[in-house]
Amino acid sequence: MNTRKGIGSYLLTVLVVALAIPAAAATKVVAMTAEAQLERAALAVASAESAGAATWARELYDEAQAHLVSARGLMNDKKSSRREDSRVAADDAYYAARAAEAKARWGADVSEINALRTDIVRFGGRVDPLTLEVEPSGLIDRGKTSKDKIAFAQAIVDRAKAMGAQTVDPSEILQAEQYLASAKKIVTSDRYSSNADHLSYVAEMLARRAMYASSRGEVTRYLSPLRLERTRQAQQATEARLVQERQQREAAERQRAELQAQLDAQAANRKAQQAEIASLRAQVAANQQQMQSRLEEDRAARVEAERRLDTLMSQYETSVSNARDAAQTEALRRQVEDQRLALQSMQEHERLSEQSSMTEIDRLKTELEKERTSGKTNAQTLSTREDELTRRQNELAAMRRAREEDERARTEMQRKHEAALREAQEKAEAAQQRAAAAEAESARLRQQVAGTQAELTQAKQQIAQRDATEQERVDRMQKAIAAVAQTRSDNRGFIVTLPGVFFDTGKTSLKPGARNVLSRIVTQLRTNDKVRVTIEGHTDSVGSEETNQQLSEKRAQAVRDYLVSRGLSAGVITTVGRGESQPIATNDTPAGRQQNRRVEMIITQ
């Protein structure tokens, strides 16, 4: 409602209303206290919110809330005229909330009907063409003058009557017409009259409520048959799916039986050949073991020779770098030379062993080819022996590649050792020069550290000031959230508790009232780009532990999805379901279980 200028006495308003309604009702209006009016308005707004008015009747719900806020602000004003304004605002809030609730219930029924029709089609059923829509929400322009507002209200009353609202609630249409008649008597020109504005506004809301109730009555007749049809279609779809699954299981069982028969036949054939294969495999394994042992011994000897050479080379380089004992250095040089010759001998011996193994493999392949030509050995045995020889040949080739790679690496290492020996003497001579330079650099660094210390002190002061500012912002955010929800703090962070009434029993969809609270919370969370939110779902112990765990996870996810839809980054939100594992009260009483059914938001940075 627009701000009133020069508002008349509230008693005048009551008198006008009394002229427009029966005597008994007028007596009730006069007798109602300001506190009672305010409480009645608050209850009506809460009922509208629970019905989903914030979704289906946003403009009327916002008006009702605005009037309620205005009534509360003016109720205890020092000026009697402003306290009377509080009573008028409370009346406006009450009637606007009732109209919003009627529209919300109409919208909820239309939504359910459309959802039922969609489900029926999804299950394979058919529905008759039907278009149901709810009057869209939008800005209401009632005009500027009192006459404009009366004319607007009259149009709503006429529209309600044309839609048959009188058949639903004739008393409200009659009251609306009487209120308009009184408003017209007050306004004789285009001048402003707050009393006339109030009467026309109440008349409009009465007419809207009757109109929305009539519209709801037109659509509710579809609900019962659609609910029954959806149940029937769902049952048919379930039965069809069960039949299909049973047929699939039977087909899979037949296929399994056929495969088992094939496997049994193959197993019988393999058993007959097992003895011959085992004998050949033992022979091949013995030969392979002998050659493999010889190769491993040669490789171990080479590796040990390389290790010994590396140790002597390291000692030799150290002796050259120190340049202290020439005799010891010369003795180490001779040892290195002798060990290098020994390594060359080991490498040659390993190459000869590899050649012998390859010769043996070629001989076995020749014999295998003769057996294949003679036809005395079955194909499976021949294939097994050929695979075994191929594997041994591949292993031998891999060992040869590894040895050759080691030799190349050894050659490169030798080159590096020689280069290191040449550089050792140069490094020893340069060491003293570097030590002097290091001392000078150390002195310079000490001076630099002293300057850096001062800069660190200044930086710490700036960080402390920034942290204080950040904490102040966090405190403001927590205080704002505490104004709309139950909160507490512990070692995990700032915790916001969302009661179980935000969800229907056993459901995971948020109620409209919950979305309103969460919208206010997410507005505060978006003010801090460092915020992190962990959403925990909790249940009571009613039902199975697995069901409660899934329910808690889905409820936490529902809260997360709504926060993201309202603009909070998904990257800062984590969800977890606690199920019934963390009760905060006993589960033996309804009150205790009510406390345990909750969703908690742990807010940290």
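Here are a few friendly notes on the structure above, with the ground rules coming before the details.

1. Ground rules. This is a predicted model, in which local features need pLDDT of at least 70, side-chain atom pairs count only at pLDDT 80 or more, and totals for chains, interfaces and linings use all residues. Residues are numbered from 1 along each chain as its sequence is written, and side-chain values use heavy atoms, with hydrogens and water left out.

2. Overall make-up. The protein has 15 helices and 5 strands; these are DSSP runs numbered from the N terminus, with H or I over at least four residues for helices and E over at least two for strands. Of its 605 residues, 36% are buried (under 20% relative accessible area, with exposed meaning over 50% and partly exposed in between; 1.4 Å probe, protein chains only). Taking contacts (heavy atoms within 4.5 Å) between residues at least 6 apart in sequence, 77% join residues at least 24 apart.

3. Helix α14. This helix covers residues 545–565, and its end C-alpha atoms lie 30 Å apart, in agreement with the 30 Å that 21 residues should span at 1.5 Å a residue (the expected span is 1.5 Å times one less than the number of residues). Its buried residues include Asn548, Leu551, Ser552, Arg555 and Tyr562. Seen down the axis, the buried residues of α14 fall within an arc of 150°, so they line one face of the helix; the arc is that of the directions from the helix axis to the C-beta atoms. An α-helix has 3.6 residues a turn, so residues three or four places apart point the same way.

4. Around α14. The buried residues of α14 pack against β2 (493–499), α13 (512–525), β3 (532–538), β4 (573–579) and β5 (598–604). On the other side of α14, Glu546 and Ser565 are exposed. Just after the helix, Gly567 takes a positive phi of about 110°.

5. Helix α9. Residues 194–220 form this helix, which reaches 39 Å from first to last C-alpha, close to the 39 Å expected at 1.5 Å a residue. α9 is mostly covered, with 21 of its 27 residues buried.

6. Cavities. On a 1 Å grid over the protein atoms alone, a cavity is a set of points where a 1.4 Å probe fits but cannot get out, and lining residues have an atom within 4 Å of a point. The count comes to 2 cavities of 30 Å³ or more, where a volume is the space filled by probe spheres set on the points, joined across faces, edges and corners. The largest cavity has a volume of about 100 Å³. Of the 10 residues lining the largest cavity, Met291, Gln292, Leu295, Arg392 and Leu396 are the closest to its centre. α10 (223–322), α11 (326–374) and α12 (379–482) each supply at least two residues of that lining.

Terms used:
On a 1 Å grid over the protein atoms alone, a cavity is a set of points where a 1.4 Å probe fits but cannot get out, and a pocket is an open set with protein on both sides within 12 Å along at least five of seven lines; lining residues have an atom within 4 Å of a point.
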